[in-house]
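Please brief me on this structure. Start with the overall build, then go to one residue.

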Amino acid sequence: MEDFDWENYKKEAVEKLKKGGKLTGKDGVMAPLIKGLLEAALGGELEEQLKEDKKKGRKNRKNGKSRKQLKTEQGSIELETGRDRAGTFEPKIVEKRQT
């Protein structure tokens, strides 16, 4: 999770909990952690597919990102998911059109 600031997250989480903040829910302490983990996993899946495509001689590359609303026990989370140029990327951890 290259963009996720772990140290800052830990500090903010502890402070939020000390002030009576919720652990779960939309504004809970766990929401940014879940978002970061899922986005990292989706990015890893895309990277693996691009490596496989390259091994098989297929030309494919990243082609921006799209947004996806995911409903969780922690509340609704907006994810940014990567796309590939060929349009063949089928994520497994959070599938297309899965909410």
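The briefing below runs from the whole chain to a single residue.

This is a predicted model, in which local features need pLDDT of at least 70, side-chain atom pairs count only at pLDDT 80 or more, and totals for chains, interfaces and linings use all residues. Residues are numbered from 1 along each chain as its sequence is written, and side-chain values use heavy atoms, leaving out hydrogens and water.

**Fold and shape**
- The protein chain has two helices and two strands, as DSSP runs (helices: H or I, at least four residues; strands: E, at least two; numbered from the N terminus).
- Along the sequence the pattern reads α-α-β-β.
- The radius of gyration is 16 Å, well over the 13 Å that the globule rule gives for 99 residues, so the protein chain is more spread out than a compact globule.
- That radius is taken over C-alpha atoms, and the rule is 2.2 Å times the number of residues to the power 0.38.
- The C-alpha trace spans about 55 × 25 × 15 Å along its principal axes.

**Burial and contacts**
- Of the 99 residues, 27% count as buried, meaning under 20% relative accessible area (1.4 Å probe, protein chains only).
- Of the contacts (heavy atoms within 4.5 Å) between residues at least 6 apart in sequence, 53% join residues at least 24 apart.

**Gln49**
- Gln49 lies in helix H2, residues 30-55.
- Gln49 counts as buried because its relative accessibility is 17%.
- Leaving aside residues up to four places away in sequence, Gln49 touches Asn60, Asp84, Thr88, Phe89 and Glu90.

Conventions. Buried means under 20% relative accessible area, exposed over 50%, partly exposed in between (1.4 Å probe, protein chains only).
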